Amino acid sequence: MSLDILKGLATTLKNMGRKPTTVSFPEQERELPPRFRGRHVLHRYPNGLERCVGCFLCAGACPADAIYIEAEENTEEHRVSPGERYAKVFDVNLLRCIFCGYCEAACPTGAITLEREYKLAAYYPENMVYHKEQLLEPLGQATVGSAAYWFDPPPAEEAPQPVPQKTHVFDGLEASAAAVGLGDAQKQPEVLLRNAEQDEDRRKFLDEEAEEGGRQV
Amino acid sequence: MPNDTWLLVIASLIKSAILIVILLTIFAYMTWIERRVVARIQGRLGPNRAGPFGALQPLADAIKMAFKEQIIPAQAHKVIYLIAPVLSVVVALSAFAVVPVGNSWTPGHPSAWDPWVGDINVGLLWILSISSLAVYGIVLGGWSSGNRYSLLGSLRSAAQMISYETSLGLALSGTLMWAGTLSMVSLVHQQTLQGQGIWFIVAQPLGFLIYIIAAVAEVNRAPFDLPEAEQELTAGYLTEYSGLRWSLYQMAEYINMITVSSVATTLFFGGWSCFGLERIPGLSLVIFAVKVAFFLFLFIWLRATLPRIRYDRLMRLGWQFLLPLAVLNAVVTATCVALGLPWWVNGLIGLVIIGAVLAITWLRSRQTRFAVSKTGAELLPPSVRLVKTIEPELGLVNGGEAAVAGIERQRTLLQDGRVQV
């Protein structure tokens with residue numbers, strides 16, 4: 001309808017007085033959320049020792065295979081971390097990194113966190129591989145970084161119910177993992193179970209389960 | 001009087017040069033203003049890097065364009081391909097020659113240095129005829145590029161411009177009947193206090209509305225920018241052009257925009273006149289500039305608001321809606337002028353027709369209903385239904401009884417052993 005055109009014109013005119021959503025970037029920066037995941041930082045303890053104990057858990061958790069670690073034993077003369085070992089080499093390839101934060105979640109000592117540094121650019125790809133010297137916070141500084149924001153508060157007394165709250169009948173309309181649970185879903189794909197050559201360990205586990213009177217395969 | 005003739009020739013040359021410089025400056029700054037305004041409407045900042053507030057952006061663009069490679073496609077008809085954008089700009093610039101941008105310096109005593117290049121007694125006809133030549137630049141450019149997108153874009157443009165030119169001319173004829181002159185200078189004089197004392201918009205509201213719609217289509221601006229519809233035609237007739245020749249086309253588009261804005265100002269909003277204010281020397285130029293600026297802003301505003309119209313609807317709007325209305329307006333105006341009725345009768349009739357058209361469209365839009373299914377839910381047309389994830393026929397919108405029934409049925413089938421798991 002023709003009057004809708006006028007309505008549209010009024011809307012756009014109103015928008016002209018609005019504050020722009022974008023900001024002039026280099027001079028002005030947007031406030032980042034507390035859990036923002038930018039570049040990695042390696043942390044220290046207040047006594048100057050590195051938190052990283054060279055356990056490789058972050059490298060194992062990394063889905064992009066972006067972390068490369070070489071660990072070395074601590075000695076009495078040369079103690080770098082409080083644990084048995086420390087990371088002699090700690091490289092993060094930021095071109096591979098997907099900033100998922102799994103390394104931070106995997107770290108038992110809170111040594112690695114993703115911080116707010118997001119202005120990452122380089123002229124050469126090799127410059128995007130950050131080494132330990134660049135990642136480690138300077139001596140005399142001991143922060144926990146964004147790990148402080150990642151500790152979840154304890155669950156409330158009343159946990160959310162898995163039954164759909166609207167209808168109280170599970171009719172498939174409100175499907176969610178919480179509502180369904182695992183149910184009778186097959187844990188192993190059929191192909192894997194039929195193929196004898198594949199994955200003996202898993203078959204053994206399933207056989208044991210069957211002997212214990214578990215579900216039939 | 002050879003002396004007077006020489007003076008006129010020299011004065012016209014100098015004034016043309018000044019006019020071209022001014023028009024090109026306005027074009028350059030229109031691109032920047034348009035980008036800034038559209039950005040503000042869309043919640044962005046727009047170009048603000050070059051100079052204060054980005055005011056040197058046009059200069060930066062010009063330098064960039066000048067140094068860009070001008071590619072000539074192998075399949076292009078070289079001569080025509082190179083001439084076409086120049087043709088567009090020349091036509092656009094010459095159409096502006098008869099527009100009076102201000103009062104004469106000494107009112108009542110015309111001189112060679114008055115602020116218009118030429119006051120010819122068929123001024124408006126000159127604008128109409130020259131601006132309809134604009135289609136040649138586009139069609140030749142699109143055809144000579146040897147690209148199907150270009151050809152399609154230019155053909156669209158040709159059809160569109162010819163279709164809307166009819167309504168445009170007829171819409172202007174109403175004003176001409178009231179003024180009784182084609183000279184642009186006399187047209188403005190008719191609207192001053194010494195003339196009829198009214199801006200012709202009050203006598204011609206319908207004519208003005210038709211003119212504005214047709215003018216937007218005439219200069220290929222959104223929502224009628226089908227010749228360069230990016231989604232369908234890459235860039236239409238501009239596809240193969242690059243560098244300065246591309247910016248020549250842009251230049252032509254913006255200068256045409258300024259021209260149709262000036263014509264709207266001159267014919268419907270009293271040109272440089274503003275109820276006696278124009279007698280203050282120099283102020284008439286400002287008044288004219290402000291009025292034209294308003295129309296230019298309107299063009300930007302429309303572009304930021306309205307989506308592109310579909311091509312068949314564009315043609316329908318032009319031929320089945322605007323043209324009959326324009327004819328009706330011409331007939332009504334002719335009757336009023338012939339019977340010697342005052343201007344407000346014509347204005348009132350125009351407003352009544354506008355109201356009737358709006359009422360009819362409103363009523364027709366109210367009749368648009370979606371079919372209803374057995375469960376009472378609206379059956380949307382397929383194009384709309386895609387958004388909905390639940391089919392209304394299933395009745396899931398009413399609480400999910402059908403889904404429950406389906407699950408029950410499966411359960412019974414399982415118990416009967418008719419279905420093996």
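**Cores, helices and loops in a predicted model**

Of the 90 residues in the largest nonpolar core, the ones touching the most other members are B:Ile210, B:Tyr211, B:Ala214, B:Ala215, B:Val216, B:Ile255 and B:Ala264. A nonpolar core here is a set of buried Ala, Val, Leu, Ile, Met, Phe, Trp, Tyr and Cys residues joined through C-beta atoms within 7 Å. A residue is buried if 20 or more other C-beta atoms lie within 10 Å of its own, exposed if 12 or fewer, and partly exposed in between, with C-beta atoms placed from the backbone. Helix α10 (residues 243-268) of chain B gives the most to this core, with 13 residues. A second, separate core has 20 residues, among them A:Val53, A:Ala66, A:Val92 and A:Ala111.

This is a predicted model, and local features need pLDDT of at least 70, side-chain atom pairs count only at pLDDT 80 or more, and totals for chains, interfaces and linings use all residues. Residues are numbered from 1 along each chain as its sequence is written, while chains are lettered from A and ligands numbered from 1 in the order in which they are written.

Back to chain B: it has 15 helices and 2 strands, counted as DSSP runs numbered from the N terminus (H or I, at least four residues, for helices; E, at least two, for strands). Buried residues make up 39% of its 421 residues. Two residues are in contact if their C-beta atoms, placed from the backbone, lie within 7 Å. Among chain B contacts between residues at least 6 apart in sequence, 73% join residues at least 24 apart. Take B:Ile210: leaving aside neighbours within four places in sequence, B:Ile210 is in contact with B:Ser167, B:Ala171, B:Leu322, B:Leu325, B:Ala326 and B:Asn329.

As for α10(B), 23 of its 26 residues are buried, so this helix is largely enclosed by the rest of the structure. From first C-alpha to last, α10(B) reaches 38 Å, close to the 38 Å expected at 1.5 Å a residue; the expected span is 1.5 Å times one less than the number of residues. After α10(B) comes B:Gly270, with a positive phi near 75°.

Elsewhere in chain B, the axes of helix α3 (residues 78-95) and helix α4 (residues 123-132) come within 9 Å and cross at roughly 170°. Axes are lines fitted to C-alpha atoms, for helices over the stretch in contact, and angles run from 0 to 180 degrees between N-to-C directions. The two helices are therefore roughly antiparallel to each other, a label for angles over 145 degrees. B:Val91, B:Ser94 and B:Ala95 in α3(B) meet B:Ile127, B:Ile130 and B:Ser131 in α4(B).

The loop between α8 (205-218) and α9 (230-233) of chain B holds B:Pro223, which a cis peptide bond joins to B:Ala222, with omega about 5°. B:Asn220 sits in the loop between α8 and α9 of chain B too; its phi is near 60°, a positive value in a residue other than glycine. With 25 C-beta neighbours inside 10 Å, B:Asn220 counts as buried.

In chain A, A:Phe56 lies in the loop between β1 (40-42) and α2 (57-61) and has a positive phi of about 70° although it is not a glycine. A:Phe56 is partly exposed, with 15 other C-beta atoms within 10 Å. A:Pro34, in the loop between α1 (2-16) and β1 of chain A, is exposed, with 10 such atoms within 10 Å.

Key
Angles under 35 degrees count as roughly parallel, over 145 as roughly antiparallel, 65 to 115 as roughly perpendicular and the rest as oblique.
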